[in-house]
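Reader: Could we go through this model together? I would like to ask about a few places in turn.
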Amino acid sequence: MQGSTVMSDQYELFISYSRKDDADGWVTGLRDFILADHRRFSSEPMRVFLDRSEIHGMDDWRQRILGALRSSSVLLVCQSPSYYGSAYCKWEFEEYLRMQARVPVGGDPIAVVYFVEVRGSDLQVDARWREEVTRHHHIDLQPWFPRGAEALLEVDVAERLGELGERVWDRLARARRAKSVTGNLRRPSATFVGRHAEMRRLHEQVALGQVGVVTALHGLGGLGKTELAVAYAHAFADHYRGGAWSLAAEGKADLLALVGELAVAPELGYTRTPAEEADPQLAGRGVLAHLARLATTDQDPDDAEGTGCHALLILDNVDDPRLLSATQVGKLPARDGVRVVATTRLGDDQLAQRGGLAFVPVDALEPGDALELIRWHQPPKDREGRYPDFVSREEEDAARKIVELLGGFTLAVEQVAVYLGVNPDVAPSRYLSWLRSQGLGLTDQRVTDTVREAMLHEEGLLSVVLSAQLGSLDEVAGFVLRAAACLPPEEVPWPWLEAIAQNRFPSLVVTAEKDPWPAVRRRLEGLRFLTPGEHHDLARMHRMVAAHLQASQHADRAAEAVAGHLAARGHVITTGGPVAGWEWSVFTHAALPLVRTHPEIIPAVGNAIPRLARYVIDGTVEQLADQLLDHHRGLAEAMPTNLDAQSDLVVSLFRLASLLDEAGTSLLAPHVAAATATRYWAESCALMRALDGQGHLPPGWDEFLQIACERANR
């Protein structure tokens with residue numbers, strides 16, 4: 001949600017061309033089109049390098065542009081006879097290929113625009129060079145190039161270049177995700193501002209071996225706790241050669257069991273022993289030892305003090321004080337190997353002990369930082385698109401008043417910044433007038449008399465700000481966003497959203513001629529309603545934004561569509577169909593709230609539980625099974641003579657007892673889990689005997705009856 005305000009000298013898109021092809025402004029116009037197309041979807045700056053200076057010798061030219069070439073994630077080649085006749089262009093291309101071999105980003109980093117056809121008989125061309133260029137994705141502009149730069153205004157050209165814009169967008173998104181520390185941590189927001197003092201304090205405390213607790217003053221949300229922790233991990237990545245690892249801590253009270261969830265993270269490369277599969281705490285100890293080994297492997301010989309020999313654990317959204325109690329924190333290795341940062345709304349007065357905890361409170365953004373956040377999203381004033389700024393001093397003053405009105409509430413300020421950036425026709429002064437018309441005046445001040453009043457005040461601000469953003473969305477984008485709000489906020493799967501949207505809007509179905517979905521995704525990402533998650537197929541949505549959308553008009557229709565898709569995926573999981581690696585946990589986490597509001601999906605979800613239990617070890621499968629048991633018990637008690645209700649209750653008891661028997665759970669200690677399983681076996685045995693005595697035991701259930709009775713009496 002926030003980022004550094006210092007504009008980087010690095011670039012993302014490098015345009016390689018011959019100056020002869022820009023004699024009438026074609027290449028310059030192409031650059032301007034790409035920037036304008038990007039701006040339609042996002043206010044986040046795209047840094048484009050287009051060298052238009054005179055060349056005074058190869059050595060001077062190399063020094064001037066090598067840095068830009070090395071930092072760029074995409075090379076755009078403007079192919080023509082003039083291009084292949086340039087030694088400078090050849091050097092650019094070859095240098096870029098050498099550097100790309102060392103960049104861990106998937107996909108094709110080279111795009112090609114065909115200006116003029118290059119025939120072998122026209123000139124002597126390096127065959128290998130041309131072959132390498134032509135194998136990449138290309139956009140053919142040959143029919144329009146002779147007409148000059150004015151052809152860029154034609155509809156056919158705009159459609160072709162729109163495809164180029166989507167390709168560049170996808171490549172840049174990949175590159176930005178790749179610029180990350182080792183581990184499962186997502187990249188920080190490109191617009192993170194301020195928080196220098198908090199980050200410095202956090203590092204000082206964590207370096208001493210204390211648990212850094214990033215908390216919010218007054219218990220408010222939307223201030224940037226998680227973003228601060230993520231930005232810290234990236235800023236100090238050299239201190240954590242063991243990687244930075246994020247763990248969802250909501251609802252968790254056992255620290256070792258929580259750490260043990262990392263055992264199945266593919267990035268960790270860890271294999272649990274059978275004993276660890278049965279005991280989450282034992283798995284946690286194994287993961288901690290593995291992280292310590294990772295941190296000390298290949299230690300830098302110049303790092304005599306071992307400052308980088310650590311791994312970082314980020315416990316995100318701690319909501320149970322027991323997780324940070326002295327007993328739990330004491331289970332961590334003493335000082336060496338692993339460092340811990342926790343984000344929470346809990347204050348120091350709510351946590352049982354302070355020894356070993358270092359609190360770093362996060363409050364509203366400083367006015368200067370909040371103003372810079374809005375400035376960052378403004379249209380750039382230079383042709384290269386590198387320096388965003390307000391168009392006048394008057395508009396800057398209006399933005400400053402917006403910041404004052406919003407009280408530096410980070411999430412609201414960011415939403416305003418993005419809205420103004422994507423809608424450059426809406427000046428800050430105009431937006432300020434609109435805010436005032438909504439009942440927000442400059443006399444409003446942050447209410448801090450009580451935590452409850454402060455939270456209501458922030459929620460009111462966000463509601464007003466979001467209304468402008470949501471009003472700019474079309475029906476499709478609005479529906480997709482409301483569907484996203486029904487899914488786990490840290491795990492919003494793009495493939496699911498696409499399938500759900502295509503099911504509701506036939507116009508989104510991909511054809512041989514067109515794929516409408518990328519434009520929808522770009523719109524929602526550009527407005528930062530959905531931001532990159534920890535996997536390229538997953539997005540994130542701020543919890544406060546999700547809560548606002550869940551209460552909005554037509555939210556029930558979106559929830560119904562999501563529930564229907566979840567039921568369909570449950571059938572695929574049950575029947576052994578193809579399932580993405582991230583889908584196991586997303587399905588389980590999404591099902592927990594949806595089975596309460598949409599009981600019609602319970603059969604599909606329940607049938608998927610046995611397969612889910614193989615891959616999801618964070619305790620939510622057991623929670624889900626327990627929830628379904630409560631549902632079926634209620635039906636059985638309400639309809640004691642209904643054989644289907646009684647049979648469903650038996651299935652739920654059998655399923656949950658099996659889960660507690662066959663695998664460890666982070667919800668219950670092993671001895672408690674065993675005792676609970678025995679009780680459920682006994683209950684299912686009694687119910688099946690009653691059905692058998694009435695002659696209503698379903699066919700084939702004799703074996704289940706025998707298993708339940710044997711395990712109840714062990």
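Reader: Where does Thr597 sit?
Author: Thr597 belongs to helix H23 (residues 583–597); helices are DSSP runs of H or I with at least four residues, strands are runs of E with at least two, and both are numbered from the N terminus. The model is predicted, so local features need pLDDT of at least 70 and side-chain atom pairs count only at pLDDT 80 or more, while totals for chains, interfaces and linings use all residues. Residues are numbered from 1 along each chain as its sequence is written, and side-chain values use heavy atoms, with hydrogens and water left out.

Reader: Is Thr597 buried or exposed?
Author: Thr597 is exposed, because its relative accessible area is 54%. Buried means under 20% relative accessible area, exposed means over 50%, and partly exposed lies in between, with a 1.4 Å probe and protein chains only.

Reader: How far apart are Thr597 and Ala559?
Author: They are 38 residues apart in sequence, and the C-alpha to C-alpha distance is 9.0 Å.

Reader: And Arg569, why does that count as buried?
Author: Arg569 counts as buried because its relative accessibility is 16%. This arginine is part of helix H22 (residues 555–574).

Reader: What does Arg569 touch?
Author: Leaving aside residues up to four places away in sequence, Arg569 touches Trp496, Pro578, Val579, Glu583 and Phe587. A contact here means heavy atoms within 4.5 Å.

Reader: Now the sheets. What is the strand order in the one with S7?
Author: That open sheet has five strands in the order S7-S8-S9-S6-S10, and the pairing is parallel. Strand S7 (244–248) and strand S10 (357–362) each have a single partner strand, so one side of each is left without a neighbour in the sheet. From one strand to the next the twist averages 20 degrees, with axes fitted as lines to C-alpha atoms (for helices over the stretch in contact) and angles running from 0 to 180 degrees between N-to-C directions.

Reader: How many bridges join S7 and S8?
Author: Five bridges pair S7 with strand S8 (residues 310–318) in the parallel sense; two strands pair if DSSP finds at least two bridges between them. Ile314 in S8 is the bridge partner of Ser246.

Reader: What about the sheet with S1?
Author: Five strands form that open sheet, ordered S2-S1-S3-S4-S5 with parallel pairing. Its edge strands are S2 (48–49) and S5 (138–140), each pairing on one side only. Strand S1 (residues 13–16) runs parallel to S2 and is joined to S2 by two bridges, with Leu13 opposite Val48.

Reader: Which helices lie across its strands?
Author: Among them, helix H1 (residues 26–41) lies across S1, S2, strand S3 (74–79) and strand S4 (110–114), at about 145 degrees to S3. Helix H5 (residues 127–134) lies across S3 and S4, at about 115 degrees to S3.

Reader: Switching topic, how many cavities are there?
Author: There are four cavities of 30 Å³ or more. On a 1 Å grid over the protein atoms alone, a cavity is a set of points where a 1.4 Å probe fits but cannot get out, and lining residues have an atom within 4 Å of a point. Grid points are joined across faces, edges and corners, and a volume is the space filled by probe spheres set on the points.

Reader: Which residues lie nearest the centre of the second largest cavity?
Author: Arg186, Ser189, Arg528, Thr531 and Pro532 do, out of ten lining residues. The volume of this second largest cavity is about 60 Å³.

Key:
1 Å grid on protein atoms, 1.4 Å probe; cavity = no way out; pocket = protein on both sides within 12 Å on 5 of 7 lines; lining within 4 Å.
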